[in-house]
Amino acid sequence: MKQTLLSGGLMLVASAAMADTPVLTVYAPDYFTSEWGPGPKIEAAFEETCKCDLQYLAGDLLPRLLLEGGRTKADIVIGLNTDVTKKARETGLFAPHEQDTSALTLPIEWTDEVFLPFNWGHTAFVYDNTKIDSPPTSFEALLNSDEDWKIVLQDPRSSISGLALMLWVKAVYGDEAQAAFAKLAPKVLTVTKGWSESYGMFTDGEADLVLSYTTSPAYHIIAEGDETKSAAIFDEGHYFMTELVGKIADTEEPELASAFMDFVLSETFQEMIPTANWSFPAKLDDSKLPEGFKKLNMPEKALFYSEDQAAALRDEALEEWLTAFSQ
Amino acid sequence: MTGTRISGGLVVLLLIFLTLGTLVAVGLRAEDLSGLGRRDWAAVRFTLWQAALSAAISCLLAIPVARAFSRRQFWGRGVLITVLGAPFILPVIVAVLGLIAVFGRTGLVSQFIGLFGLEPVQIYGWHGIILAHVFFNLPLATRLILQGWLDVPAERFRLAQSLNFLSADMFRHIELPLLFRVVPGAFMVIFLICTTSFAVALALGGGPRATTIELAIYQAFRFDFDLSKAAQLALVQFAVGGGLAIASLWFRGPRGQGAALDRVVSRRDGSVWQDALWILLAAAFLLVPLVMIGVKGLWGVSELPDSIWPAALRSVIVALVSAGLTVALVLPLALLAQSLRKGGAAVEAIGYLSIAASPLVMGTGLFILTFAWIDPILLALPVTVLVNAAMSLPFALRALMPGLTQAEADYGKLALSLQITGWARLRWVILPRVRRPLAFGAALAAALSMGDLGVITLFANPEVQTLPLALYQLMEAYRMDAAFAAALLLLTLSLAIFWLIDRGGRVDVDA
């Protein structure tokens, strides 16, 4: 009880001190708000113009929103992935973004009026080009390769990129997905919970190929001056991934929230994305990208399932994945 | 004694709330009921199987190692025992990368046997999980079993030596009964730790064959947002854990070693070379992966960001407060379990519940119960400290109970006849006898809290970063070198804090 009173008191004091400056609460994933993520720079840039205090709450976005429901404190939610937007939309918590998405620089057409993309990339297998001379040029070539390549993947049940791989295979192979998974399985060294473990194993030299993003080599090129990491580009196309931002409908700061949505597609915001988020900005002319991004291998074709298609395929694809990998 | 009983009762209530209460909160919040499927039951079976095997191997290997340590006194022994405990307190991801550096495809072992033209060793698969679990838990098993040896009064060994007991006689008359008393408890604790394992099973398991209950809970929660299923799986985990905790209490053999003078044991039986070999093997298995982490970590030290220091300081504070809280919780609980003629075993079993608890369910339950009233950000550190203390409590309790039982058996009647009761009895009769295990429990709690990833992402506060969180964020940002340096810092701090607290309890008098 004392604790409750104390915390309540602290909150009163805090809100009194902040009374003059309105607060915009932004829910964001952990990686986003860390000092090595894009969060801090975005906060500083937005606060320069908004006369407000932008505060992040970090953590699991969707579970938190679903638990809080209408009582959520969020004004903005940033960092949602397309695989969770269906559930997020069904909460009815989000308002339309009211942005013009006709000039986005995505490889696919974007018509969603609620969730606004702020970055993008593709899933890809990343390899060390000093060790692999002739990387696979298609999914088919990878699956049928005689090379003794060892691959590390992420689990689709615990990782966004792992889920994207599952959908990628589904998009390429359709009804033959299970057979494709079965060919992939013997080449897989292990499956990790998240991307970090996999990528750590790859940079340690334990694995030859890692499931990552077409933009991963950009980090090594720009931050480390290391051009030995490349993404293998597949003829069948690569699965498109984007992170989204949404505005909470009954926010107490509707003007600030709208101002933030305007800010997302501004050049200031978008120019921060490549080297803070290590992905492509959603609306930025190619000429304004850092040099390192121009060196990246890019696929001709992006594969993508809408949230309804993905939701319809998900359970079946997971069952196929589990069956193939449990053999 | 009523004061102790009331505070013991309060601790019991708190633990039931944190474990079962949070589970009920999650279950009630579920919108619709769903049953467990074939895959879920496969996960349950796999979890039990690997946990039993991991615990059995850890305990079997720990027996000769603990005996070697108990029989030999040598320079640096104390420090070595502490350092060997390190794997247990490492963040999983760091330990896994350390193990891969030794046992992986390009690891030391593979490189060495490659010199003889052999194929690299294959760590990925169920044996990888067992290897990692033994790596994590051998130190704990060794410490718990060694504690059993140290609880035997030195006078008994002196007497045995004066009777010209051989090593085999010593084993039959003193050590075997001792093992019957401590090994079931150690087995149970390690079994429970392995049932909640998650990241290890995934990273080294080689694929979804190695799905544990904790991963199924994570999937239900994150992938399907199916709270009903998450709660049911957590309940299955409890049933298994609780059942085993109670079963292990039946195994507790009779005690009564006779009163002693707290002398240091000095023994001359057994083969020195055999003991040395066991200690060397254990040290090599446990320390080489740590050295590999150290070597990698040194590379990245210059890349550590300045913000790592406040994060480290915050982690140290969380660790110390958690350790204090663990002691404050475990003493009344152990005294209550000890003083009850009926139901003592049940009280003790409740003390072990939190190892079988799913941190994910506990965190979600606490969030559901509090978010409407209190800002989760304000709760970030208090919840971390509380959950860390509850999670460390079983280890402290396990270490404390045997010593406490013995102190009561040996001195309880004497204290009663002298009418030493209440605080005086605790201060002068009990605490001096259990100082060593109590300090060990506190040290363990501190070290575990250092390595813990802030328990729950739902309560994360981006302004209040801890060292393990910084480590993960560095990895997420591709900064693997700096992440290894942060891991080295975490490892060093955890060990230092463990050693300092543990040593506080091991200042001995040698008559």
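**From a buried cysteine to the chain interface**

C59(B) is found in helix 2 of chain B, the helix that covers residues 38-71. The model in which it sits is a predicted one. C59(B) counts as buried, because 29 C-beta neighbours lie inside 10 Å and the threshold for a buried residue is 20 or more. When neighbours within four places in sequence are left aside, C59(B) is in contact with A141(B), V183(B), A186(B), F187(B) and I190(B).

The secondary structure of chain B comes to 20 helices and zero strands. Of the 511 residues in chain B, 53% are buried. Among contacts in chain B with a separation of 6 or more, 86% are accounted for by residues 24 or more positions apart.

One pair of helices in chain B can be described in detail. Helix 17 of chain B, residues 376-417, packs with helix 18 of chain B, residues 422-451, at an angle of about 165°, and the two axes are 8 Å apart. Helix 17 of chain B is therefore roughly antiparallel to helix 18 of chain B, since angles over 145 degrees are classed in that way. The crossing of helix 17 and helix 18 of chain B is right-handed. By class, 20 nonpolar, five polar and two charged residues form the contact of helix 17 of chain B with helix 18 of chain B.

Attention now turns to chain A. Chain A is divided into two domains: domain 1 takes in 2-120 and 242-290, while domain 2 takes in 121-240 and 296-325. Taken over C-alpha atoms, the centres of domain 1 and domain 2 of chain A are separated by 28 Å. Across the boundary, 14 residues of domain 1 of chain A are in contact with 16 residues of domain 2 of chain A. On the side belonging to domain 1 of chain A, the residues divide into six nonpolar, six polar and two charged.

N144(A) lies in helix 6 of chain A, residues 139-144. N144(A) counts as exposed because it has 10 C-beta neighbours inside 10 Å, where 12 or fewer is the criterion. N144(A) and L184(A) are 40 residues apart along the chain, with 8.9 Å between their C-alpha atoms.

The two chains also meet. At their interface, 46 residues of chain A are in contact with 46 residues of chain B. At least two residues of the chain A side are supplied by each of helix 1, helix 2, strand 2, helix 4, strand 7, helix 9 and helix 14 of chain A. That side of chain A divides into 18 nonpolar, 14 polar and 14 charged residues.

Helix 4 of chain A, one of these contributors, is mostly covered, with six of its eight residues buried. The buried residues are L61(A), P63(A), R64(A), L65(A), L66(A) and E68(A). Within chain A, the buried residues of helix 4 pack against strand 1 (23-28), strand 3 (76-81) and helix 5 (85-90), and from chain B they pack against helix 11 (213-223). Just after helix 4 of chain A comes G69(A), which takes a positive phi of about 55°.

Methods. Residues are numbered from 1 along each chain as its sequence is written. Chains are lettered from A and ligands numbered from 1 in the order in which they are written. This is a predicted model: local features need pLDDT of at least 70, side-chain atom pairs count only at pLDDT 80 or more; totals for chains, interfaces and linings use all residues. Domain bounds come from an automatic or database domain assignment. Two residues are in contact if their C-beta atoms, placed from the backbone, lie within 7 Å. Ala, Val, Leu, Ile, Met, Phe, Trp, Tyr, Cys and Pro count as nonpolar, Asp, Glu, Lys and Arg as charged, and the others, Gly among them, as polar. Helices (H or I, at least four residues) and strands (E, at least two) are DSSP runs, numbered from the N terminus. Axes are lines fitted to C-alpha atoms, for helices over the stretch in contact, and angles run from 0 to 180 degrees between N-to-C directions. Angles under 35 degrees count as roughly parallel, over 145 as roughly antiparallel, 65 to 115 as roughly perpendicular and the rest as oblique. A crossing is left-handed if the near helix is turned anticlockwise from the far one by less than a right angle, and right-handed if clockwise.
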